[in-house]
Protein chains: 2
Amino acid sequence: MASIKDVAAEAGVSVATVSRVLNDHPSVSPEARARVLAAVETLGYRPNAVARSLRTDQTRTLGLVISDVMNPYFTELARAVEEEARALGYSVIFGNADERPDLQDHHVRTLLDRRIDGLLVSPTDGGSPLMLDAVRAGTPMVFVDRWIPGVDVPVVRADGRRAIRDLVSHLHGLGHSRLAIIAGPAATTTGRERVEAFRDALRAYDLRLPEDHIGQGDFQAESGRRATERFLDLPEPPEAVFAADNLMALGALDAIRARGMRVPDDIALAAFDDIPWFTHTDPPITAVAQPTGELGRAAVRALVDRIEGRAPRSVTLPARLVVRRSCGEPSPVRRSEP
Amino acid sequence: MASIKDVAAEAGVSVATVSRVLNDHPSVSPEARARVLAAVETLGYRPNAVARSLRTDQTRTLGLVISDVMNPYFTELARAVEEEARALGYSVIFGNADERPDLQDHHVRTLLDRRIDGLLVSPTDGGSPLMLDAVRAGTPMVFVDRWIPGVDVPVVRADGRRAIRDLVSHLHGLGHSRLAIIAGPAATTTGRERVEAFRDALRAYDLRLPEDHIGQGDFQAESGRRATERFLDLPEPPEAVFAADNLMALGALDAIRARGMRVPDDIALAAFDDIPWFTHTDPPITAVAQPTGELGRAAVRALVDRIEGRAPRSVTLPARLVVRRSCGEPSPVRRSEP
DNA sequence: GTAATCCGTGTAATCGATTCCACGGACTCA
DNA sequence: TGAGTCCGTGGAATCGATTACACGGATTAC
């Protein structure tokens with residue numbers, strides 16, 4: 001592959017001049033510029049990003065470490081991140097942590113080795129030493145969706161409290177009073193927060209959330225299935241189940257079907273994170289929708305601000321309830337897709 | 001960040017010795033090795049992958065340019081690719097082409113600029129000059145899922161002919177004889193092949209595939225909806241619709257619902273590409289399932305073979321029919337999930 | 001006892017870019 | 001006319017690694 005030297009030779013100038021043309025530095029004569037451009041053309045020259053990065057100490061690359069690519073919520077997030085990054089002149093390298101702290105560390109490490117300019121993370125756990133070190137060492141970082149408390153890093157996320165209140169109100173209005181939740185891992189902020197918000201909302205209706213109505217999940221479908229089975233084994237099973245993410249809701253649906261029960265007739269179901277497929281399930285599922293795309297874009301903007309020396313802002317966007325048919329006859333509160 | 005020089009100074013040896021320890025070269029004394037390792041530890045040194053790549057001319061990175069990340073089929077493929085690559089000591093940089101040739105070119109270009117060791121592509125179109133140049137220049141490349149005819153690059157893909165024959169047999173057995181297909185873009189191999197396989201299978205039952213029973217789609221949901229609407233507007237609409245990918249099947253489902261019609265009672269529906277959600281739709285959708293994970297892994301192995309100087313093989317794996325309820329009462333041919 | 005071999009180590013070239021500095025020529029201004 | 005500016009350009013240092021080569025000392029072989 002042709003290097004800058006080849007171009008310089010072809011154009012009859014020095015490598016310095018070629019470099020100046022390429023970075024359109026002002027002091028290059030029009031003739032020299034033209035000759036260089038012609039040489040670039042005939043050789044099909046493309047600058048070596050590796051060499052450039054070594055010299056300039058910037059890769060124009062962002063790292064994104066995501067908890068689970070197979071989860072449509074994160075897929076959409078990743079897509080939005082890539083789009084915004086591209087618009088700002090950055091590339092993105094993705095790492096899929098699969099909800100495993102060791103994999104998360106693996107990706108953070110290789111990303112750091114590659115000297116990415118900044119890191120976007122939705123942490124799987126409470127924060128590994130590695131990640132804490134990276135923050136301390138000054139690596140530009142932004143948390144998205146989830147975060148690590150006590151670490152001074154901007155956070156871009158959705159606030160679901162309001163939407164969860166709306167959900168509980170919706171369920172209560174439909175006559176459900178024994179409500180259960182399938183929680184995410186306690187190590188994640190989203191895992192804890194959604195339970196708390198749910199509990200708080202219940203309190204407003206004088207409802208309680210007994211221990212055996214809190215299922216412990218890990219944001220994967222299988223755990224949703226197990227938690228739901230335990231609910232259904234209870235002497236007095238819940239009338240409604242709220243899954244803290246879309247995959248666990250799917251698992252719950254499986255478990256309910258396996259017992260020959262029907263949603264919403266026998267039991268109501270709702271989920272956190274809305275995804276296109278929820279319109280097409282049987283029945284369509286009521287969910288709390290995050291502004292996923294906007295979250296991804298805001299996270300990139302915050303990170304790039306930090307990288308380029310501007311002050312990054314934390315951002316919290318509201319989530320909203322999307323009512324479908326999985327909790328019973330839709331009330332006229334907030335209609336949306338059928 | 002500490003460099004190899006700092007480590008050398010700390011350990012009281014030359015950078016050459018440090019490098020030898022790091023790449024466990026045999027001729028280093030145990031004492032020197034120990035001192036270097038200690039220095040690495042105290043400084044928290046990590047080798048700069050950028051510098052290493054510049055020198056060795058290899059990045060241990062693979063590029064994957066995918067047609068559409070939001071499509072669960074490609075998401076699963078991407079995940080499998082990353083896993084296998086990681087197992088072989090490579091990282092993966094993803095590019096999402098969104099079915100747009102210009103975006104595909106953008107990603108190929110930046111990937112090439114970053115001097116990735118090899119490229120995995122599922123081409124959106126018939127092959128841009130850029131991609132052809134890259135092949136000619138000797139960039140290790142492997143096509144996955146789709147390919148470009150006449151280009152000498154190994155192809156890893158699934159063969160759906162057999163499964164499509166099974167599908168047509170299934171539909172025929174249920175009494176459907178007016179069958180329609182929503183095709184993918186003619187610029188893609190998968191877009192063309194699935195139509196041909198379908199037509200061939202129909203012929204075996206003395207069925208024809210008239211022009212107005214071939215809808216032109218682009219592998220996106222919206223196009224599936226439009227094509228289906230056109231089918232339903234026909235004086236004599238088809239009794240069964242086969243969508244050439246999962247997203248278009250979703251669009252078809254929407255269109256059918258919007259007319260107040262029911263699947264499979266009023267019209268049968270089947271899809272190419274099976275995804276977990278198809279178990280949960282109303283009704284569960286009959287689909288042709290590709291061995292997606294195995295495809296991704298095989299593609300990586302072929303590419304790494306090529307990179308490391310072994311002869312890469314093209315791989316074709318069979319797809320299989322998964323019968324659910326969207327075409328009518330399930331026949332006892334090949335049952336699977338409910 | 002001398003020559004050949006081997007081992008551990010350091011010096012320095014190298015990868016492909018960017019950029020500081022110096023230099024020569026043209027121009028401006030007093 | 002001579003000093004000072006400005007402009008376009010090239011030489012060379014530099015980023016952080018790897019690695020060919022040289023070198024000195026110890027070991028081995030004859």
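Trainee: Which side chain has an N or O atom 2.5 Å from a base oxygen of DNA strand C, in chain A?

Mentor: This is a predicted model, in which local features need pLDDT of at least 70, side-chain atom pairs count only at pLDDT 80 or more, and totals for chains, interfaces and linings use all residues. Residues are numbered from 1 along each chain as its sequence is written, chains are lettered from A and ligands numbered from 1 in the order in which they are written, and side-chain values use heavy atoms, with hydrogens and water left out. In chain A, the side chain with an N or O atom 2.5 Å from a base oxygen of DNA strand C belongs to A:Arg55.

Trainee: How many residues surround DNA strand C?

Mentor: A residue is near the strand if one of its heavy atoms lies within 4 Å of it. The closest include A:Asn48, A:Arg55 and B:Arg20. By class (Ala, Val, Leu, Ile, Met, Phe, Trp, Tyr, Cys and Pro nonpolar; Asp, Glu, Lys and Arg charged; the others, Gly among them, polar), they divide into 11 nonpolar, nine polar and six charged. The number surrounding DNA strand C is 26 residues.

Trainee: Which helix of chain A gives the most to the surface near DNA strand C?

Mentor: Helices are DSSP runs (H or I, at least four residues), numbered from the N terminus, and strands are E runs of at least two. Helix 1 (4-11), helix 2 (15-22) and helix 4 (49-56) of chain A each supply at least two residues of that surface. With five residues, the one that gives the most is helix 4.

Trainee: What area do chain B and chain A bury between them?

Mentor: Buried area is the accessible area (1.4 Å probe) that two parts lose on being put together, summed over both. The contact (heavy atoms within 4.5 Å) takes 48 residues from chain B and 48 residues from chain A. Of the buried area, 59% is on carbon and sulfur atoms, and the total is about 4200 Å².

Trainee: Which residues of chain B lose the most area to chain A?

Mentor: Three residues together account for 19% of what the chain B side buries. They are B:Arg115, B:Trp277 and B:His280.

Trainee: How many salt bridges are counted between chain B and chain A?

Mentor: A salt bridge is a side-chain nitrogen of Lys or Arg within 4 Å of a carboxyl oxygen of Asp or Glu. One of them joins B:Asp98 and A:Arg79 (2.9 Å, N to O). The count between the chains is four.

Definitions and conventions
Polar contact = N/O pair within 3.5 Å; in protein donor to acceptor, adjacent residues only side chain to side chain.
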